[in-house]
Each structure stands twice: as structure tokens, then as C-alpha cells.
Amino acid sequence: MNKLDSSDMDADSPPAPEKKTMNHESFHRFSKLLLTSIIIFLLLLKILLSVAMITLFKNHSQLLDENAIIKELNYTDLECTKQHSFFNDKVWSCCPKDWKPFSSHCYFPTIDTASWRESEEKCSSMGAHLMVIHSQEEQDFITKILDPKAAYYIGLLDPGHRQWRWVDQTPYNESATFWHPSEPNNDKNNEKCVVVNHPSSSWGWNDIPCSSKENSVCQMKKIYL
């Protein structure tokens with residue numbers, strides 16, 4: 001029997017330090033992967049919690065706003081219609097009793113006359129403002145429920161230099177206006193408020209002195225429950 005040479009045994013034996021190094025590197029890679037996974041998980045959890053908190057805060061704020069509106073309105077009755085929406089959990093749109101609903105707003109034509117400033121203050125006391133008109137559909141809707149023998153203030157005002165402004169601060173769009181022919185004419189340089197009226201064959205806008213006693217139309221956002 002031949003004796004094994006010690007050099008042959010040494011050549012066949014795996015170097016122990018190298019194996020230890022490989023195990024250490026594998027453990028190090030696993031640790032880094034685990035740490036990265038934990039960090040990603042925590043980030044995703046933080047994002048989900050943030051989204052949940054934002055949604056909760058938004059819903060809570062909206063509820064507080066609606067409760068405040070209802071409280072300020074001092075109305076005992078709301079008239080509501082059910083709406084169908086897959087993306088909104090609020091299924092009832094409401095207007096105070098005797099107000100007229102259209103799109104996302106409620107409208108209330110007054111029967112007593114007042115100046116433009118007095119009319120705006122009265123609307124404000126009801127949680128509303130003088131009507132703002134931005135489309136032909138809105139103009140057509142409101143004129144169908146108005147008395148053609150009366151004139152109604154809307155929320156359009158000239159604070160100076162014929163720079164028309166809406167009371168709700170929405171932009172004044174020249175392409176969505178409904179002036180009567182030859183209006184606004186600023187007769188005697190004293191016509192800074194606007195009414196919608198029906199002097200002859202059609203409804204339209206006319207600039208008049210703000211002190212003139214006229215009817216008005218109040219507007220407010222619908223209440224969603």
C-alpha cells in the first residue's frame with residue numbers, strides 16, 4: 001500500500017479561512033438585503049399612514065365645515081336629492097327650503113328691494129353671496145325663475161377703472177358675459193353695479209348705480225350629506 005504524500009493531502013483539503021470568508025460575505029449580503037427590506041416596508045407603512053391621516057383630516061374638516069354652514073344658516077329645513085356616485089360616500093345634495101338647486105349650487109331670488117351693498121349683506125347673513133354667473137346654462141336657469149318685471153342684482157362690481165370683479169373672487173371672463181346691447185355704458189360715470197333684467201325681448205346684464213333699490217339673487221354651495 002502506498003503512503004499518501006502529505007503534500008497531496010494539503011492540496012485536496014479546502015482552505016478553512018477562505019470558507020469562513022465566504023460565509024461571512026453571504027451573511028453580510030443577507031443582512032443588507034434584510035435591512036433594505038425593513039426600510040422599504042417602514043417607508044411604505046409611513047406613506048399609508050400619511051395617506052390615511054390626510055384622508056381622515058380632510059373628511060373631518062369637511063364635516064366641521066358642513067356643520068358650521070348648517071349652524072350659521074339657521075334653517076330648520078333642508079330639501080335634499082339623492083345622487084349616485086361611486087367615488088363619493090356623500091349621497092345627498094341639499095339646499096335650504098325654498099332655494100332652487102342647479103349644478104353644485106343653490107339660488108334664492110329675493111322679493112324685497114335694496115341697494116347692491118345691502119343685498120350682498122343680506123346674502124352673507126344667510127351664508128351666501130350675490131349670484132355669480134359663468135355659463136350660458138347658469139344664465140338660462142336663473143332667468144327662468146325670475147320675474148321679468150323686476151331687475152336682480154348679481155355679484156358683479158366695478159371697484160374702479162371698469163375692472164369688473166365677482167364677489168367670490170373668481171375671474172371675470174369676457175367670453176362668458178351676457179350684457180344687453182350697448183351695455184355696460186356707465187351712464188354719468190356712476191354705474192358700477194350690475195343687474196340681470198328683461199327690459200324688452202330678452203334677459204341680459206345692465207350696469208346701474210349701486211344705490212338703486214332692486215331685487216337680488218343669492219347663491220351658495222350645496223350641502224352634501
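The model is predicted, so local features need pLDDT of at least 70 and side-chain atom pairs count only at pLDDT 80 or more, while totals for chains, interfaces and linings use all residues. Residues are numbered from 1 along each chain as its sequence is written, and side-chain values use heavy atoms, with hydrogens and water left out.

- Strands are DSSP runs of E with at least two residues, numbered from the N terminus.
- Strand β10 covers residues 215-221, and six of its seven residues are buried, so the strand is largely enclosed by the rest of the structure.
- Buried here means under 20% relative accessible area, found with a 1.4 Å probe on protein chains only.
- Two strands count as paired if DSSP finds at least two bridges between them.
- Strand β4 (residues 105-109) pairs with β10 in the antiparallel sense over five bridges, and Pro-109 stands opposite Val-217 of β10.
- Strand β5 (residues 129-130) also runs antiparallel to β10, joined by two bridges; here Leu-130 has Cys-218 as its bridge partner.
- Strand β6 (residues 152-157) runs parallel to β10, again with two bridges, and Tyr-153 is partnered with Ser-216.

**A three-stranded open sheet**

- Which order do the strands of this open sheet follow? The order is β1-β2-β11, and the pairing is antiparallel.
- The edges are formed by β1 (78-82) and β11 (223-224), each of which pairs on one side only.
- Between β1 and β2 (residues 92-96) there are five bridges, and the two strands run antiparallel.
- Within this pair, you can find Glu-79 opposite Cys-95 of β2.

**A look at Asn-186**

- Where does Asn-186 sit? Its place is in the loop between β7 (165-166) and β8 (193-197).
- Is Asn-186 buried or exposed? Asn-186 is buried, with a relative accessible area of 16%.
- Leaving aside residues up to four places away in sequence, Asn-186 touches Arg-162, Glu-191 and Asp-207, where contact means heavy atoms within 4.5 Å.
- The side chains of Asn-186 and Asn-189 are joined by a polar contact of 2.9 Å.
- A polar contact is a pair of N or O atoms within 3.5 Å; within protein, one must be able to donate a hydrogen and the other to accept it, and residues adjacent in sequence count only if both atoms are side-chain atoms.
- The Asn-186 side chain also reaches the backbone nitrogen of Asn-190, at 3.3 Å.
- From C-alpha to C-alpha, Asn-186 and Pro-209 are 8.7 Å apart in space and 23 residues apart in sequence.

How values were computed: Buried means under 20% relative accessible area, exposed over 50%, partly exposed in between (1.4 Å probe, protein chains only). Helices (H or I, at least four residues) and strands (E, at least two) are DSSP runs, numbered from the N terminus.
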